[in-house]
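Here is a friendly walk through one protein model, with the cut-offs behind each term given as we go. Have the coordinates open and follow along.

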Amino acid sequence: MPSLLLPLLLPLLLCPAGSRGFPTPPETPEQDVETVQKYLENYYNLKTDGDQIAKQKNKSPVVEKLKQMQEFFGLKVTGKPDADTLKVMKQPRCGVPDVARFVLTPGQPQWENTSLTYRIENYTPDLPRAVVDRAMEKAFQLWSNASPLRFTKLSEGQADIMISFVWGDHRDNSPFDGPGGNLAHAFQPGPNLGGDVHFDEDERWTNDFRDYNLYRVAAHELGHSLGLGHSTDIGALMYPNYIFSGDVQLSQDDINGIQAIYGSSPNSEQPVGPQTPQPCDSKLTFDAITTIRGEIMFLKDRFYMRVNSYYPEVELNFISVFWPHLPNGLQAAYEAASRDEIRFFKGNKYWAVQGQNVLRGYPKDISTSFGFPQTVKNIDAAVSEEETGKTYFFVADKYWRYDEYKRSMDVGYPKMIAYDFPGIGNKVDAVFMKDGFFYFFHGTRQYKFDPKTKRVLAILKVNSWFNCEKN
């Protein structure tokens with residue numbers, strides 16, 4: 001348990017835990033054993049007395065600690081160091097044990113005064129001073145907007161929260177480790193070092209998507225300076241991984257956490273943060289769905305949910321993990337398999353990607369590219385038939401059909417959805433095609449539709465693809 005003299009370390013992962021899109025270099029079985037042992041000793045309080053776990057007769061403590069770690073990161077709970085578990089263990093991460101949900105710092109320390117001061121002791125050469133000042137100001141504003149806390153910047157003297165950029169061993173018992181790994185750390189509320197934030201100057205700090213966004217890391221660290229621990233909610237700012245989705249905001253989980261310590265905001269309108277979608281929520285709805293090289297990707301707000309036939313567990317993560325230059329809140333998507341492209345739509349714009357790369361020249365206008373009239377302001381859903389090269393666009397109660405080979409709209413469209421797709425209603429939220437069948441989604445319902453017979457074959461729950469036991 002960290003004392004007031006030890007920082008609440010907050011290194012953030014370079015790649016999201018659980019993402020299977022980012023391979024790690026192979027290691028030998030002996031190295032894997034060492035990785036598991038060190039990881040469980042450091043973050044899950046495994047007691048080995050210096051003996052290698054491979055030589056221990058009683059493996060049950062290791063199994064239980066592995067299960068704890070797997071549960072925290074949303075991995076399949078096997079108690080075995082499988083490939084996904086090892087991948088997470090080999091990624092840079094924070095230096096304190098993991099905790100469940102939003103949890104107050106051990107001992108539940110908090111600031112007695114809600115009017116706090118901060119001072120930036122020195123500046124990184126990576127960014128102009130004004131950019132650093134603004135990043136810190138915005139990070140403090142996030143927390144003050146959701147609580148009674150108020151922050152004042154000092155230009156000299158001792159402040160409640162001192163902020164500095166340092167290298168290596170900087171005499172606080174928690175040396176930094178060079179580029180990557182631990183990006184920053186913060187001390188829990190209290191006197192002397194309490195509340196202070198240190199950033200590793202061996203990192204390259206930015207104000208965009210490159211390397212490590214200072215605003216994003218600062219906002220996370222300040223949560224610890226105010227008394228919060230890590231959250232298991234991947235959408236929360238206090239989740240231990242470094243994931244930059246473009247928008248830095250408090251989730252409802254973060255808001256619940258800070259208000260549990262300091263009370264609600266004095267503002268007349270209480271803040272409401274986004275909530276992370278739960279794959280097995282019976283009320284789940286989707287913004288868009290597309291196939292991607294044999295997999296199915298379901299999009300909701302800032303997140304994707306991914307499944308495939310080889311890995312039955314649902315992978316939930318930020319869309320920005322794959323495509324950092326795409327906007328949040330995408331409204332439609334489809335795979336143009338003949339061109340190995342995925343096209344994403346929002347408003348009257350669309351983006352084309354190949355693999356994890358957004359193609360140059362995008363976004364483009366849907367009217368110019370596809371021939372929609374100017375009255376069409378957004379696409380609700382889209383799907384393409386690989387065999388025929390026909391792409392269907394659903395807008396309100398009508399649909400258009402586009403020829404991918406001729407690159408033009410077919411004559412005679414739009415047509416009414418209800419007439420040509422009887423039984424699915426007159427509005428489509430999302431759609432994809434698999435094994436010759438369309439799967440239409442509207443609200444919490446899913447319709448399996450046979451385009452040859454024009455019949456609905458089954459009405460399913462939207463998350464029927466997620467192996468939810470209670471569905």
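## A buried leucine in a loop

Leu-326 sits in the loop between β12 (311-318) and β13 (332-336); helices (H or I, at least four residues) and strands (E, at least two) are DSSP runs, numbered from the N terminus. With a relative accessible area of 7%, Leu-326 is buried. Here buried means under 20% relative accessible area, exposed over 50%, and partly exposed in between, with a 1.4 Å probe and protein chains only. Between the C-alpha atoms of Leu-326 and Tyr-362, 36 residues apart along the chain, the separation is 10.0 Å.

A word on the ground rules: this is a predicted model, in which local features need pLDDT of at least 70 and side-chain atom pairs count only at pLDDT 80 or more, while totals for chains, interfaces and linings use all residues. Residues are numbered from 1 along each chain as its sequence is written, and side-chain values use heavy atoms, with hydrogens and water left out.

## Cis prolines

Tyr-362 also takes part in a cis peptide bond, to Pro-363, with omega about 10 degrees. Pro-363 belongs to the loop between β16 (357-358) and β17 (364-365). Another cis peptide bond links Tyr-413 to Pro-414, with omega about 15 degrees, and Pro-414 is placed in the loop between β21 (408-409) and β22 (415-416).

## Positive phi values

Most residues other than glycine have a negative phi, and most peptide bonds are trans. You will find Arg-171 in the loop between β4 (161-166) and β5 (184-186), exposed at a relative accessible area of 80%.

Ala-396 has a positive phi too, near 55 degrees. Ala-396 is in the loop between β19 (390-395) and β20 (398-403) and is partly exposed, at 39% relative accessible area.

## The disulfide

How many disulfides does a search of the whole structure find? There is one, where a disulfide is a pair of cysteine sulfur atoms within 2.5 Å. The partners are Cys-280 and Cys-468, with sulfur atoms 1.9 Å apart. Cys-280 lies in the loop between α6 (252-262) and β9 (288-292) and Cys-468 in the segment after β26 (455-461), so the link ties together parts 188 residues apart in sequence. The angle about the S-S bond is -90 degrees, making the link left-handed.

Cys-280 is partly exposed at 45% relative accessible area, whereas Cys-468 is buried at 11%. Pro-279 is in the loop between α6 and β9 and is buried, with 15% relative accessibility.

## One side of helix α2

Helix α2 (residues 60-72) has 13 residues, and at 1.5 Å a residue it should span 18 Å; the end C-alpha atoms are 19 Å apart, which agrees. That expected span is 1.5 Å times one less than the number of residues. The buried residues of α2 are Val-62, Lys-65, Leu-66, Met-69, Gln-70 and Phe-72. They cover an arc of only 160 degrees around the axis, which puts them on the same side of α2; the arc is that of the directions from the helix axis to the C-beta atoms.

Just after α2, Gly-74 has a positive phi of about 70 degrees.
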